[in-house]
Amino acid sequence: MRGAALLLAVLALPSVALADRVLALGGAVTETVHVLGQGDRLVARDTTSSYPPEVLDLPDVGYVRALSPEGVLSVRPDLIIAEEGAGPPETVDILKAAGIPLHQIASGEDEASVIARIEAVADALGTPQAAAAPLAAIRADFAALEAARDAVDQPARVMFILSLQGGRVLAAGQENGADAMLRLAGAENAVTGFSGYKPLTDEAITAAAPDIILMMNRGEGDSDHGASDAALLAMPAISTTPAAQKGRVIRMDGLYLLGFGPRTGQAALDLHRALYEAP
């Protein structure tokens, strides 16, 4: 009898209504919504959200940091989950004034931040229990990654090149996503002395002497940002480096490499293997 009474009491509790029309802003946020099994609730995405492939069928409301309130409101969301830095601030203020619940998810580029992001998205969706399985998988990835790093005797010196606009090498220094991913993968950033991304002089490239060059795979025809491996390694300053002499260039999908979403551990493991396993 007591069990039946308890069941009746539970059934009598009010149900919690979940938002049916969710707008995800930021590639890592959109990925996380899908990993949590809530992708069917998405009604739109931003331009940076390209994974999983089915999100490309959703309406695109624009670049995550240059959103218009009209574009966002046109998809009639009843919940917005946005990465930290989504904006501009004026658009965020208008959306908040419109009464749409808007959750801003903190960024971060280490294991704790990735875990916290998944938990925050799950809470915003009203499905905290859905985070259990993804978090177990992510912790396993990071445990494997730690073991892989521990096995490295001599870290590879890597230069991350963001773009080659106008033939100028725009490379990653410290305190940015590329630098964080290199450290996760057990590599050493060959470029030091500044934060963020900056153009390098020929002398700085020669002095950096990277063993390997890492770039995002931008696809065919993106001559403004990339170049073929042969063209890259033939550039006068690049040609002086150990990377050119060994022909070592690694390219990875940008969102996978620098999104810091639920695939972060897998991405770092893949980069580690590309760095240290025989080509």
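Q: Helices here are DSSP runs of H or I with at least four residues, strands are runs of E with at least two, and both are numbered from the N terminus. Where is the place of Ala231?
A: Ala231 sits in helix H9, residues 229-234.

Q: What should I know about the model before going on?
A: This is a predicted model: local features need pLDDT of at least 70, side-chain atom pairs count only at pLDDT 80 or more, and totals for chains, interfaces and linings use all residues. Residues are numbered from 1 along each chain as its sequence is written, and side-chain values use heavy atoms, with hydrogens and water left out.

Q: What does the protein chain average in pLDDT?
A: The average is 91, and 90% of the residues score at least 70. pLDDT is the predictor's confidence in each residue, from 0 to 100.

Q: Where does pLDDT stay under 50?
A: Residues 1-16 are one such stretch. A contact means heavy atoms within 4.5 Å. Residues 220-224 are also below 50. That stretch has 2 contacts beyond near neighbours in sequence.

Q: How should predicted coordinates be read where pLDDT is low?
A: They should not be read in detail.

Q: How many Å apart are Ala231 and Gln129?
A: They are 50 Å apart in space, C-alpha to C-alpha. In sequence, 102 residues separate them.

Q: New topic. How many aromatic pairs does a search of the whole structure find?
A: The search finds 1. Phe160 and Tyr197 form it, edge-to-face, at 6.3 Å centre to centre with 65° between the planes. Rings of Phe, Tyr and Trp (its six-membered ring) pair if their centres lie within 6.5 Å; planes under 30 degrees apart count as stacked, over 60 as edge-to-face and the rest as tilted.

Q: Which parts of the chain does the pair link?
A: Distant ones: Phe160 is in strand E5 (residues 157-163), and Tyr197 is in strand E8 (residues 197-199), 37 residues apart. Phe160 is at 0% relative accessibility, so Phe160 counts as buried. Tyr197 is at 30%, so Tyr197 counts as partly exposed.

Q: What sits over the ring of Tyr51?
A: The charged end of Arg263 does, 3.6 Å from the ring centre. A charge sits over a ring if NZ of Lys or CZ of Arg is within 6 Å of the ring centre and within 35 degrees of the ring normal.

Q: What joins Tyr51 and Pro52?
A: A cis peptide bond, with omega about -5°. Pro52 lies in the loop between strand E2 (42-44) and helix H3 (69-73). Gly87 and Pro88 are also joined by a cis peptide bond, with omega about 15°. Most peptide bonds are trans.

Q: Where does Thr30 lie?
A: Thr30 is in helix H2, residues 27-35. Its relative accessibility is 1%, so Thr30 counts as buried. Beyond four places in sequence, its contacts include Tyr51, Leu42 and Val55.

Q: With which side chain does Thr30 make a polar contact?
A: The side chain of Ser49, at 2.7 Å. A polar contact is a pair of N or O atoms within 3.5 Å; within protein, one must be able to donate a hydrogen and the other to accept it, and residues adjacent in sequence count only if both atoms are side-chain atoms.

Q: Which residues touch the most other members of the largest nonpolar core?
A: Ile81 and Leu271, in a core of 46 residues. Helix H5 (residues 111-125) gives the largest share, 7 residues. A nonpolar core is a set of buried Ala, Val, Leu, Ile, Met, Phe, Trp, Tyr and Cys residues joined through side-chain atoms within 4.5 Å.

Q: Why is helix H7 largely enclosed by the rest of the structure?
A: Because 7 of its 8 residues (177-184) are buried. Among them are Met181 and Leu182. Asn176 caps the N-terminal end: a side-chain oxygen lies 3.1 Å from the backbone nitrogen of Ala178.

Q: What is the phi of Glu175?
A: About 60°, positive although Glu175 is not a glycine. Most residues other than glycine have a negative phi. Glu175 is in the loop between strand E6 (170-172) and H7. At 66% relative accessibility, Glu175 counts as exposed.

How values were computed: Buried < 20%, exposed > 50% of the residue type's maximum accessible area, 1.4 Å probe, protein only.
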